[in-house]
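Here are some notes to read beside the model. Keep the sequence and the 3D view open as you go.

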Amino acid sequence: MLKIDNMQWDALLPSFQKIEKHKETFSYANAFLLRLLSAYDQSCNKEILRAAHSFAEWICTAPEEELAYEIRMLNLLQTVKRMRDLNQEEIRMLYRIISNKETSDLILTGAYLLLGEQVPAEMYFANMSVEDQKEFTQYPIYHFWKNEPC
């Protein structure tokens, strides 16, 4: 993505939205969002981050059956956190996710990272299988574990 010359980052979402929708549209959009966030973390290009934020906001309109609320919120909030500190309402959203007894260790790890709470993030990370841990380290949210902001 970073090697494309003359990319019009702001045109990506409108182009994506023109594609005929089906039950996996938001899953594909979410995967693309994660690639945008990874590209931003490598480049610190604010245009990429703005495009990612647009995707994250649009993805939040997805129905629950197409993409889980927790995933939508974590991805929106990790995008926001790259732009600025989280506000009180955003922090409350993360604590609501954390307080749900059915929340997976993967989501809990991400939520605690966004809150800047490394110790609980490490505890939930340790509960994951080795395969899930390896997968988690590939997600852009892991950027907050390494604490390498742009």
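1. Which residues in helix 2 meet which residues in helix 4? From helix 2 come Asn-30, Leu-33, Leu-34, Leu-37, Tyr-40 and Asp-41. From helix 4 come Ile-71, Asn-75, Gln-78, Thr-79 and Arg-82. Contact here means heavy atoms within 4.5 Å. The residues of this contact divide into five nonpolar, four polar and two charged. For these classes, Ala, Val, Leu, Ile, Met, Phe, Trp, Tyr, Cys and Pro count as nonpolar, Asp, Glu, Lys and Arg as charged, and the others, Gly among them, as polar.

2. A word on the source. This is a predicted model, in which local features need pLDDT of at least 70 and side-chain atom pairs count only at pLDDT 80 or more, while totals for chains, interfaces and linings use all residues. Residues are numbered from 1 along each chain as its sequence is written, and side-chain values use heavy atoms, with hydrogens and water left out.

3. Now the overall plan. The chain has nine helices and zero strands. Its pattern along the sequence is α-α-α-α-α-α-α-α-α. Helices (H or I, at least four residues) and strands (E, at least two) are DSSP runs, numbered from the N terminus. Of the contacts with a separation of 6 or more, 58% join residues 24 or more positions apart.

4. Back to helix 2 and helix 4. Their axes come within 11 Å and cross at roughly 20°. That makes the two helices roughly parallel. Axes are lines fitted to C-alpha atoms, for helices over the stretch in contact, and angles run from 0 to 180 degrees between N-to-C directions. Angles under 35 degrees count as roughly parallel, over 145 as roughly antiparallel, 65 to 115 as roughly perpendicular and the rest as oblique. The crossing of helix 2 and helix 4 is left-handed. A crossing gets that name if the near helix is turned anticlockwise from the far one by less than a right angle, and is right-handed if clockwise.

5. How do helix 5 and helix 6 pack, and at what angle? The angle is about 150°, and the axes are 10 Å apart. Helix 5 and helix 6 are therefore roughly antiparallel. Their crossing is left-handed. Helix 5 brings Leu-94, Ile-97 and Ile-98 to the contact, and helix 6 brings Ile-107, Leu-108, Ala-111, Tyr-112 and Leu-114. By class, that is eight nonpolar, no polar and no charged residues.

6. Helix 6 (residues 105-114) also packs with helix 7 (residues 118-127). Here the angle is about 165°, with the axes 8 Å apart. This pair is therefore roughly antiparallel. Helix 6 passes helix 7 in a left-handed crossing. Asp-105, Leu-108, Thr-109, Tyr-112 and Leu-113 in helix 6 face a set in helix 7 that they contact, including Pro-120, Tyr-124 and Phe-125. The contact has seven nonpolar, three polar and one charged residues.

7. Next, the inside. Buried residues make up 43% of the 150 residues in the chain. Buried means under 20% relative accessible area, exposed over 50%, partly exposed in between (1.4 Å probe, protein chains only). The largest nonpolar core has 43 residues. Such a core is a set of buried Ala, Val, Leu, Ile, Met, Phe, Trp, Tyr and Cys residues joined through side-chain atoms within 4.5 Å. Among the residues with the most contacts inside this core are Leu-33, Leu-94, Leu-114 and Phe-136. Helix 2 (25-43), helix 3 (46-59), helix 4 (69-83), helix 5 (88-99), helix 6 and helix 7 each supply at least two of the core's residues.

8. Leu-114 sits in helix 6. Leu-114 counts as buried, at 1% relative accessibility. Leaving out residues up to four places away in sequence, Leu-114 touches Leu-74, Leu-77, Gln-78, Lys-81, Leu-86, Leu-94, Ile-141 and Phe-144. With sequence neighbours within four places set aside, Phe-136 has contacts that include Leu-106, Leu-113, Phe-125 and Tyr-142.

9. Is His-53 buried or exposed? His-53 is buried, with a relative accessible area of 16%. This residue is found in helix 3. Beyond residues up to four places away in sequence, His-53 touches Leu-76, Thr-79, Val-80 and Met-83.

10. Last, check Cys-44. Cys-44 lies in the loop between helix 2 and helix 3. Its phi is positive, about 60°, although Cys-44 is not a glycine. Cys-44 is partly exposed, with a relative accessible area of 35%.
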